[in-house]
Amino acid sequence: GSASPSTNNASAITRGLWLLLLAGGMALLARRLRLAVAILRFANPWFGIATLLAILSLGWSIDPSLSGRRLFRLFTAVTCLLGFMVVDWRAGRLEAVLRPLVSGLLAASLAFGIACPEYAIHRELAPELVGAWRGIASHKNALGGLASLGCLLWIHAAVAGQCSRLRAMAGLSLSLTCLWLSRSSTAMLAAILVSGYLLAFSLTKARRNSALRTVSAGLVTLGMVAGLGSVNLLPGWHTLSSPFAMLAGKDPSITGRAAIWMVVREHVARRPWLGSGYGA
C-alpha cells in the first residue's frame with residue numbers, strides 16, 4: 001500500500017534535517033579547509049579503506065538505492081564530526097559538549113513519558129516491549145542506548161574531575177532512570193561492563209596494565225562466544241552461549257535476531273569477499 005501522509009511528512013522532515021546537518025558541516029569545513037585536510041592526514045587509514053569499499057559496493061549492491069542513502073548518512077556524519085574538530089579542539093571538549101545534549105534528550109524523554117505516556121511508552125503486545133519506555137526516541141533500544149551513553153559520560157566526568165560530584169550524580173541518576181525505564185537489557189549490560197572497565201582503568205592509573213588487557217580480551221571473547229553461539233556456527237556453541245544470553249536477559253536467539261543472522265550467513269556464503277553492498 002501507499003504511505004500515509006503522516007509517514008511522508010516524517011520522511012520529508014528527516015531528509016530536511018540530514019540536509020541541514022550536511023550543509024552546516026560543509027560550511028564549517030569551508031571556513032578551515034586547510035586545517036581539515038591536515039587533520040585527515042592523521043585519520044585511521046583503515047577507515048578510509050572501509051569507506052572506499054563502501055562507495056565501490058554501489059556497483060554490486062543488492063539494493064543500490066539503500067546503499068546510497070547509507071553512504072549519504074555516513075558522509076554527513078563524518079562531515080559534521082570533522083567540522084566539530086576544526087572549529088575548536090581541546091582535551092575534554094567532546095565530553096563537555098555531549099553531556100548536556102544527551103542529558104537534555106533524556107530529560108525531555110522523561111518529561112514526555114510523564115506528560116504523554118500513551119506516546120512515550122510502548123503499547124505493543126510483544127513481551128519485550130510491554131511497559132518499556134521510548135521517550136522521544138523511536139524505540140526503547142534507542143532510548144536505552146542514549147541512557148547508556150549518558151551513564152558513561154557522567155561516570156567519566158566524575159572520575160576525570162571534569163565537574164562536581166553533585167552534578168555528576170544528578171546526571172548519572174537521570175541516565176540510570178531512563179536506562180531502567182527503557183528495559184533495554186543490551187544497553188544495561190553494555191553500561192555495566194563498560195562502566196566497570198572505565199572505573200578500573202581510572203583507578204589503576206596505568207594505561208598499559210596487563211590486568212586490564214586481560215579483562216579486555218576476556219570481554220571480547222565472551223562477546224564472540226555469545227554471538228557465534230546464537231547463530232549456531234559450530235555444533236555445541238549454541239548450548240555454550242546460552243548462559244551468557246540469560247545473563248543479558250535474552251533468550252538464546254537474542255530475541256529473534258538469530259533468524260536475521262542466518263540470512264546474513266547466506267549472503268556471506270554467496271559473496272564472502274565483497275558482500276552484498278554497504279547497508280543493503
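**Entry 1**

Before I start, I take contact to mean heavy atoms within 4.5 Å. I also keep in mind that this is a predicted model.

With that in hand, I looked up where helix 2 and helix 4 meet. I found Leu35, Ala36, Ile39 and Leu40 on the helix 2 side, and Leu82, Met85 and Val86 on the helix 4 side. Sorted by class, this contact has seven nonpolar residues, no polar ones and no charged ones.

Next I checked how the pair is arranged. Helix 2 covers residues 33–40 and helix 4 covers residues 64–87; they pack at an angle of about 110 degrees, and their axes lie 10 Å apart. Angles of 65 to 115 degrees count as roughly perpendicular, so I noted helix 2 and helix 4 as roughly perpendicular to each other. Their crossing is right-handed.

**Entry 2: Leu71**

I stayed with helix 4 and picked out Leu71, which is found there. Is Leu71 buried or exposed? Buried means under 20% relative accessible area; Leu71 has 11%, so I wrote it down as buried.

Then I asked which residues Leu71 touches, not counting those up to four places away in sequence. My list reads Ala54, Ile55, Leu58 and Tyr278. I followed up on Ile55: it is 16 residues from Leu71 in sequence, and the C-alpha to C-alpha separation in space is 7.2 Å.

**Entry 3: the largest nonpolar core**

I moved on to the largest nonpolar core and found that it has 20 residues. Leu106, Trp154, Cys178 and Leu179 have the most contacts inside this core. Two or more residues each come from helix 5 (93–115), helix 7 (140–159), helix 8 (165–182) and helix 9 (185–204). Helix 7 gives the largest share, seven residues.

**Entry 4: helix 7 and helix 8**

Last, I looked up how helix 7 and helix 8 pack. Their angle is about 160 degrees, and their axes are 8 Å apart. Angles over 145 degrees count as roughly antiparallel, which means helix 7 and helix 8 are roughly antiparallel to each other. Helix 7 passes helix 8 in a left-handed crossing.

From helix 7, the contact includes Leu143, Ala147, Cys151, Trp154 and Ile155. From helix 8, I noted Ala168, Leu172, Leu176, Cys178 and Leu179 among them. By class, this contact has eleven nonpolar, six polar and two charged residues.

Conventions. Residues numbered from 1 in each chain as written. Predicted model: local features only at pLDDT ≥ 70, side-chain atom pairs only at ≥ 80, totals over all residues. Heavy atoms only, no water. Core = buried A, V, L, I, M, F, W, Y, C linked by side-chain atoms within 4.5 Å. Buried < 20%, exposed > 50% of the residue type's maximum accessible area, 1.4 Å probe, protein only. Helix = DSSP H or I, 4+ residues; strand = E, 2+ residues; numbered from the N terminus. Axes fitted to C-alpha atoms, helices over the stretch in contact; angles between N-to-C directions. Parallel < 35°, antiparallel > 145°, perpendicular 65-115°, else oblique. Left-handed = near helix turned anticlockwise from the far one by under 90°. Nonpolar A, V, L, I, M, F, W, Y, C, P; charged D, E, K, R; others polar.
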